[in-house]
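Subject: Structure for you to look at

Hello,

Here is the structure I promised to pass on. Please open it first, then read my notes below.

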Amino acid sequence: MFTGAYRYTKNCKVQHSIGSKRIFPLLKLSKELKELEANKLIKRIIHDEYPLWIEYKPTTYCLSMQPIIEEMIKWGRQHRIKIKEK
């Protein structure tokens, strides 16, 4: 999310590789994108070209969470090490 803009089809390919069924991951991704947009975390950009394509970009508000998420990742890695020590 913090690395820049994504096209819907690119997100579908990523999501499809995670899910086991073909249609469910696409519907779930669409719903999640709408929720992220409603929460002002992403901006939906419709490019009126042929073929029509949609791009999603993180908002400034979303990017303000980056330090928090990086700290959570750091904590999670340290936690894994601590668990393995036992």
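K40 is exposed, because its relative accessible area is 58% and the cut-off for exposed is over 50%. Find K40 in the loop between helix 2 (23-38) and strand 2. Its backbone deserves a look too. K40 has a positive phi of about 60°, yet K40 is not a glycine. Most residues other than glycine have a negative phi.

Please keep in mind that this is a predicted model. The mean pLDDT of the protein is 81. Of its residues, 71% reach 70 or more.

Now to T59, a contact of K40. Is T59 buried or exposed? T59 is buried, because its relative accessible area is 19% and buried means under 20%. T59 sits in the loop between strand 3 (53-58) and helix 3 (60-63). Which residues does T59 touch, once neighbours within four places in sequence are set aside? They are K40, L41, I42 and K43.

K43 leads on to the strands. K43 has K57, in strand 3, as its bridge partner. Strand 2 and strand 3 pair in the antiparallel sense, over six bridges. These two strands form a hairpin. Five residues lie between them.

P51 is in the loop between strand 2 (42-47) and strand 3. The peptide bond from Y50 to P51 is cis. Its omega is near -10°. Most peptide bonds are trans.

Next, helix 2. L33 is found there. L33 is buried, because its relative accessible area is 7% and the cut-off for buried is under 20%. How far is L33 from Y56 in sequence and in space? The two are 23 residues apart in sequence. From C-alpha to C-alpha, L33 and Y56 are 8.5 Å apart.

Here is the overall picture. The protein has four helices and three strands. Read from the N terminus, the elements run β-α-α-β-β-α-α. The protein has 86 residues, and 17% of them are buried. It exposes about 7,500 Å². Carbon and sulfur atoms supply 59% of that area. What share of the contacts with a separation of 6 or more comes from residues 24 or more positions apart? That share is 36%.

One caution before you zoom in. Over residues 14-20, pLDDT stays under 50. The model has six contacts beyond four places in sequence for this stretch. Where pLDDT is low, the predicted coordinates should not be read in detail.

Then follow the hairpin of strand 2 and strand 3. Stop at the cis peptide bond from Y50 to P51. Finish at L33 in helix 2.

Best wishes

Key. Residues numbered from 1 in each chain as written. Predicted model: local features only at pLDDT ≥ 70, side-chain atom pairs only at ≥ 80, totals over all residues. Heavy atoms only, no water. Buried < 20%, exposed > 50% of the residue type's maximum accessible area, 1.4 Å probe, protein only. Contact = heavy atoms within 4.5 Å. Areas by Shrake-Rupley, 256 points an atom, 1.4 Å probe, with all protein chains shown as cover. Pairing = 2+ DSSP bridges. pLDDT = per-residue confidence, 0-100.
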